[in-house]
Amino acid sequence: MRRQQGFTLVEVLIAAVIMFMVLATAALSLRTAAHASERATRAVELVAPLPWITPVIRESLRSDPADERSGEGRLFGVEYRFRATIARLGAPPTRFDPDVTDFVEYAPRFALYDVELELERDGETTSFLYQELAWRPLVR
């Protein structure tokens, strides 16, 4: 009797099925990773100008404090719109003034704003809610 050499057809088919399953899983994983990377890149491009936008809003609120304020602009290809409303208005604490030998009370001049910020780039939009502190000039 001769010894059989090589693989049978069933063994080759089973190995081929296993190999194609591994290749399909790898291709799906690669496609999912590429899609996730693309989404992350778009998200980073959208929020990257935030460190430059928030000081602009802060300066706008501090330069002209009003009960409600809104504005818009464009920075690094990102359009932004904001709306700020006063959440709380406060005064400095009462203090004793030795020159007049009495307690001095101050008018409210510190404003805590609720700011709604919307960023848009290439049809993608994201919104942020945060608080910003501003103060009115001291009037004597």
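This is a predicted model: local features need pLDDT of at least 70, side-chain atom pairs count only at pLDDT 80 or more; totals for chains, interfaces and linings use all residues.
I started with Phe110 and listed its contacts (heavy atoms within 4.5 Å): leaving out residues up to four places away in sequence, it touches Arg88, Leu89, Gly90, Ala91, Pro92, Leu133, Ala134 and Trp135. Residues are numbered from 1 along each chain as its sequence is written, and side-chain values use heavy atoms, with hydrogens and water left out.

Phe110 sits in strand 5; helices (H or I, at least four residues) and strands (E, at least two) are DSSP runs, numbered from the N terminus. I get a relative accessible area of 29% for Phe110, so I log it as partly exposed. My cut-offs are buried under 20% relative accessible area, exposed over 50%, partly exposed in between, with a 1.4 Å probe and protein chains only. I also checked Phe110 against Glu11: they are 99 residues apart along the chain, and their C-alpha atoms are separated by 80 Å.

**Helix 2**

Next I checked the length of helix 2, residues 50-63.

Which residues of helix 2 are buried? I find Leu50, Ile53, Thr54, Ile57, Ser60 and Leu61. On the face turned away from the buried side I noted the exposed residues Pro51, Glu59 and Ser63. The cover over the buried residues includes helix 1 (9-47), strand 1 (68-75), strand 2 (78-90), strand 5 (110-121) and strand 6 (124-135).

**Aromatic pairs**

I searched the whole structure and got two aromatic pairs. Rings of Phe, Tyr and Trp (its six-membered ring) pair if their centres lie within 6.5 Å; planes under 30 degrees apart count as stacked, over 60 as edge-to-face and the rest as tilted.

Trp52 and Phe76 have ring centres 5.3 Å apart and planes at 75 degrees, so I call the pair edge-to-face. Trp52 is in helix 2 and Phe76 in the loop between strand 1 and strand 2, 24 residues apart, so the pair links distant parts of the chain. Phe76 is exposed at 54% relative accessible area.

Phe96 and Phe103 are edge-to-face too, with centres 5.4 Å apart and planes at 70 degrees. Phe96 is partly exposed at 42%, while Phe103 is exposed at 56%.

Definitions and conventions:
The expected span of a helix is 1.5 Å times one less than its number of residues.
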